[in-house]
Amino acid sequence: MRTVKHHPNDKPWITPVIKESIKKRQQAWLNNDLHQYNVYRNKVIKLCKRARQRFYNDKINHMYESNPKKWWDGIKLLSGLSNPPPLTSLAVNGTVLKDFDLAVAINESFCSVAADIPQLNFTPIPVSNIPDEYIIIRDAVELALVAVQDRKSVGSDEIPNWLLKTCATTISIPVCSMFNSSIREGRVPEQWKCPPVGEDRSLLIRSLDLYL
């Protein structure tokens, strides 16, 4: 049995062998033994260099290819931190809520934050004058149709992409008219408001950037 001192400010690669060599180096310095001091000084330098390299290879080098989440989970495990248990029940006014009742209570709590805010008025604003910069030209629609990718799936209009691309010059005229009519009337068709199921789901959605 032997006692080894370890200080909080010690480097993580410091070992008992290095500490013993440092002790002998300092003892040689106090005894004015220059030869022994140089021997242990060089030994301490070599030991520290090897220990640093070994520590780097064992603890740090592998982190370049490791999973950050897995690494952080290990840090939390070492520090005593753990993930909180999932919320399965909550006591509200002395009543324990679970499952659907708990979801309803959470939803009502979030909605109560904006309870004093008046509802928005969705009455369409009458459009009397449309600036020219909002009017779409046929050439812009034709360029958008030409840029459609052939290998993408068809949209709800069931029009093949190769047909849109091939007949871009002819189709661009009615498409441009639909967009400009929507802008002038200040209304958007319901089909344009539906989110696409996949990429390039419809001709109108694919050209929506022209509308914006």
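In which sense do E1 and strand E2 pair, and over how many bridges? Here are some notes on that and a few other features, bearing in mind that this is a predicted model.

1. E1 and strand E2, which covers residues 95-98, pair in the antiparallel sense, and four bridges link them.

2. **A nonpolar patch on the surface.** Leu90 turns up again here: together with Leu87, Val92, Ile106 and Phe110 it forms a nonpolar surface patch with about 450 Å² of accessible area in total. Strand E1 (89-92) and helix H4 (99-112) are the elements that give two or more residues to this patch. Phe110 belongs to helix H4, and its relative accessibility of 61% makes it exposed. For context, nonpolar side chains in soluble globular proteins tend to be buried together.

3. **The largest nonpolar core.** Eleven residues make up the largest nonpolar core: Ile136, Val141, Leu145, Leu164, Ala168, Ile171, Val175, Cys176, Phe179, Ile183 and Trp192. Helix H5 (138-146) and helix H7 (168-185) are the elements that give two or more residues to this core. H7 provides the largest share, with six residues. Apart from this core lies another one, of five residues, including Ile18, Val44, Cys48 and Ala51.

4. **Salt bridges.** How many salt bridges does the count come to? The count comes to two, and Arg138 takes part in each of the pairs described here. With Asp139, the Arg138 side chain meets in a salt bridge at 3.3 Å, N to O. With Glu142, the closest N and O atoms are 2.9 Å apart. Arg138 and Glu142 are separated by about one helical turn, because they stand four residues apart in helix H5. Through shared partners, the salt bridges join Arg138, Asp139 and Glu142 into one network.

5. The three residues are worth checking one by one. Arg138 has a relative accessible area of 32%, so it is partly exposed. Asp139, at 44% relative accessibility, also counts as partly exposed. Glu142 counts as buried because its relative accessibility is 19%, and the cut-off for buried is under 20%.

6. **The aromatic pair.** Searching the whole structure gives one aromatic pair. Its members are Trp29 and Tyr37, with ring centres 5.1 Å apart and planes at 50 degrees, so the pair is tilted.

Notes. Residues numbered from 1 in each chain as written. Predicted model: local features only at pLDDT ≥ 70, side-chain atom pairs only at ≥ 80, totals over all residues. Heavy atoms only, no water. Patch = residues over 30% accessible without salt bridge, like charges linked within 9 Å, V, L, I, M, F, W, Y side chains within 5 Å. Areas by Shrake-Rupley, 256 points an atom, 1.4 Å probe, with all protein chains shown as cover. Salt bridge = Lys/Arg side-chain N within 4 Å of Asp/Glu carboxyl O. Buried < 20%, exposed > 50% of the residue type's maximum accessible area, 1.4 Å probe, protein only. Phe/Tyr/Trp six-rings, centres within 6.5 Å; stacked < 30°, edge-to-face > 60°. Core = buried A, V, L, I, M, F, W, Y, C linked by side-chain atoms within 4.5 Å. Pairing = 2+ DSSP bridges.
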